Amino acid sequence: MPATVHPLSPAIGAEIRGLDISRPLTAQDLAVVRQAWLDHCVLLFRGQSLDPDQQRAFVLQFGPLGGRKKRIEPDGYKRETGPDYNSDAMLVSNIREGGKPIGVLPDGEMWFHHDMSYSPTPNRASFLYSIEVPSHGGDTMFSSMYAAYDNLPARLKARVEGRTVLQAFDELQDRRIDLTARALDSVPHCFQPMVLKHPETHKRAIYVSRLMSHHVEGLSPRESEDLLEELFAYTEDPAIRYTHVWKPGDLLMWDNLCSTHARTDFPKEERRLMRRYTIAGEPVIPAWDAQTAAE
Ligand code: OGA
Ligand code: MN
């Protein structure tokens, strides 16, 4: 039976049914999945059983793996070991061994963000697979950045046109880092366009988030904060959101160029274990260059 596509909300997300993704996809199924991914930005596959190598093999059907720097603590402690892990994976987990988390992004709520927007070549996509989930909370929310851009009033579209914003992040923080208290060079950072052109759909998407976006180039600190706050009313609008309530065996793949995501809080004492791979991306294409080129 071929794969079927079932939208999860009006603005973003679709579930793909009828596939066992632990095995290579047929060319026909891969084409269905790729098109659904371009159409819906976020795809869900339920009831999967994936070891690390099978998950990596699935991901590789969509592009080359994205790199990441592994964190080594000052005392030499390395996160991420064990049977749920292989060297290309990232574990997202609050589970602790000897008092230290075995994964990154361990606890609680995370604000909306695009993965790696602080890098000049952010990973194109992330593939998160759930192994253990808490009894409640720890939901992942996705927001369509196409819809957010389309919903902006003309005044705000004009305000962001041609502008860049400083993106910066420390993966051990779940809030925006305070750049008045930290040296910029101590954290990964770069300037990115506030609106991008998607390389395949050629549509415009907002590229700004509460977790990672800092200063808007050319504005005073006050003007910059005010503009970002105005934009967040659109990027975080519940009307353009899909909230995923995890069950073990779910795999979500999302496009980091046209969606942002956030995590809701969950009980500290309960275990949450997810395994993530990414595929590599290209430098972000500003929307305005794209327009000039298209005209
Ligand atoms: C991520 C991420 C959210 C979650 O892996 O990039 O943001 O729900 N995870 O754990
Ligand atoms: Mn993320």
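A: Happy to, and the terms come before the site. On a 1 Å grid over the protein atoms alone, a cavity is a set of points where a 1.4 Å probe fits but cannot get out, while a pocket is an open set with protein on both sides within 12 Å along at least five of seven lines; lining residues have an atom within 4 Å of a point. Grid points are joined across faces, edges and corners, and a volume is the space filled by probe spheres set on the points.

A word on the source: this is a predicted model, in which local features need pLDDT of at least 70 and side-chain atom pairs count only at pLDDT 80 or more, while totals for chains, interfaces and linings use all residues. Residues are numbered from 1 along each chain as its sequence is written, chains are lettered from A and ligands numbered from 1 in the order in which they are written, and side-chain values use heavy atoms, with hydrogens and water left out.

Searching the whole structure turns up one cavity of 30 Å³ or more. The largest cavity holds about 130 Å³ of space, and ligand 1 takes up that space (a molecule sits in a cavity or pocket if more than half of its atoms lie within 2 Å of its grid points). Its lining has 13 residues, with L105, M110, L128, H261 and R263 nearest the centre. By class, six of the lining residues are nonpolar, three polar and four charged (Ala, Val, Leu, Ile, Met, Phe, Trp, Tyr, Cys and Pro count as nonpolar, Asp, Glu, Lys and Arg as charged, and the others, Gly among them, as polar). β17 contributes the most to this lining, with three residues (strands are DSSP runs of E, at least two residues, numbered from the N terminus).

Now to the ligand itself. The residues around ligand 1 include V92, D115, T140 and W254 (near means a heavy atom within 4 Å). β7 (110–113) and β17 (259–263) each give at least two residues to this shell.

Notes:
Helix = DSSP H or I, 4+ residues; strand = E, 2+ residues; numbered from the N terminus.
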